[in-house]
Amino acid sequence: FKEKFSIPSKKRKKGKLIWFHGASVGEILSIVPIVKKLEKKKTISQILVTSSTLSSANVISNMKFKKVTHQFYPLDINFLVNIFLNNWKPDAVGFIDSEIWPNMIESLKKRKIKIFLINARLTKNSFQKWLLIENFAKKIFSNFSFALTSNNETKNFLKRFGVKNVFSFGNLKFTQIESDVIRQNNRIKKFFKKKKIWCALSTHDKENNFCIKTHFEIKKKHKNVLTILIPRHIEKKDEIIRIVKKNNLSLHLHSKKHNINKKTDIYIVDTYGETKKFLKDSKIVFLGGSLINHGGHNPLEAVRFGCKVIHGPNVFNFTEIYKFLSNLNMTKKINNSKELKSNITNYL
């Protein structure tokens, strides 16, 4: 709460500081390979990473970087922005994806601090909204020294708004560095071996209900089916528990270390940073944010582990990636619970 009002919880070190800002987990994870490279540079003393969600802060703290300092992004109000910049004094600033904050960008321009867009993404919807205030858009976007876009569509949009140096390098979310050995707990592995598993990943409110009801239907054919539910917002787990119980299903919370009941239907992962462990154990994944008007979530992590990805019709945040994976028969679009049940039953 204090950090949102530009009251820092950590100190600025002497020397060069590079600052990256991304909204949440996906954006922050996309720059991990870059941050790891920059940490090796002796000329850089500190890397400031800001974000706007608790989940992204937890992910960063679990990564144990040597030079990285995390703070929550301040409210985009002039006097708070200037307090923030007076404290951190960045040498260069990279905004990730579609994070455009006018007051911050204007203040950075006045201080002659270089700003760049990384993994830049503008959807058609966003582009059309900016077009309504095109002169203002050009004033803001022209401040970027350069932009690395995640797709060609965004490259054209940014050129329209006056960004001079625009390069389409492809989506950073295609890149990944695996430095840690991923091991699942033996007790959990033993339990999973006796089950037919599918995973519901990054699900939102209505999708949690959707997946729990789908499990109920699949169970009529596969008595030993297990749904691993990894919700997007684990702070809402009480509501998920209520839905599970309402459907007369049994559940286990990953955060509880006690033995798993062999009759468990829904295994709820209510911790951060452990998704990969569960993707290793599941070859079928329903990826959320795609049945609601959210635009979907990044499917690349799941396919890296050999999972077939099932998704809803709304994946406009990752159009090119889904098209690429669909051509390789690695993803499948569904529109309703009946289609999800049918696909998972076939794969099981």
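**View 1**

The structure holds 19 aromatic pairs. The model shown is predicted. One of the aromatic pairs is formed by F116 and F146, and it is stacked. F116 belongs to strand β5, whereas F146 belongs to strand β6 (residues 146–149). The pair therefore ties together parts that are 30 residues apart in sequence.

**View 1. Seven strands form an open sheet with parallel pairing.**

The strand order is β3-β2-β1-β4-β5-β6-β7. The edges are taken by β3 (68–72) and β7 (166–168). Each edge strand has a single partner, so one side of each is left without a neighbour in the sheet. From one strand to the next, the twist averages 20°.

**View 2. Strands β4 and β5 run parallel.**

Strand β4 covers residues 92–96, and strand β5 covers residues 114–120. Five bridges join β4 to β5. In one of them, F95 has L117 in β5 as its bridge partner.

From α4, the contact takes in N78, V81, N82, F84 and L85. From α5 come N103, M104, S107 and L108. By class, this contact of α4 with α5 has five nonpolar and four polar residues, with no charged ones. The crossing of α4 and α5 is right-handed.

**View 3. Helix α10 packs with helix α11.**

Helix α10 covers residues 205–218, and helix α11 covers residues 237–246. Their angle is about 30°, and their axes are 10 Å apart. The cut-off for roughly parallel is an angle under 35 degrees. Helices α10 and α11 are therefore roughly parallel to each other. Their crossing is right-handed. On the α10 side, the residues are N208, N209 and I212. They meet I240, I243 and V244 in α11. The contact of α10 with α11 divides into four nonpolar residues, two polar and no charged.

**View 4. Helix α10 packs with helix α15 as well.**

Helix α15 spans residues 337–347. The angle between α10 and α15 is about 55°, with the axes 10 Å apart. The two helices, α10 and α15, are therefore oblique to each other. The crossing of α10 and α15 is right-handed. F210, T214, E217 and I218 represent α10 in this contact. Their counterparts in α15 are S337, L340, K341, I344 and T345. By class, the contact of α10 with α15 has four nonpolar, three polar and two charged residues.

Technical notes:
Residues numbered from 1 in each chain as written. Predicted model: local features only at pLDDT ≥ 70, side-chain atom pairs only at ≥ 80, totals over all residues. Heavy atoms only, no water. Axes fitted to C-alpha atoms, helices over the stretch in contact; angles between N-to-C directions. Helix = DSSP H or I, 4+ residues; strand = E, 2+ residues; numbered from the N terminus. Parallel < 35°, antiparallel > 145°, perpendicular 65-115°, else oblique. Left-handed = near helix turned anticlockwise from the far one by under 90°. Contact = heavy atoms within 4.5 Å. Nonpolar A, V, L, I, M, F, W, Y, C, P; charged D, E, K, R; others polar. Pairing = 2+ DSSP bridges. Phe/Tyr/Trp six-rings, centres within 6.5 Å; stacked < 30°, edge-to-face > 60°.
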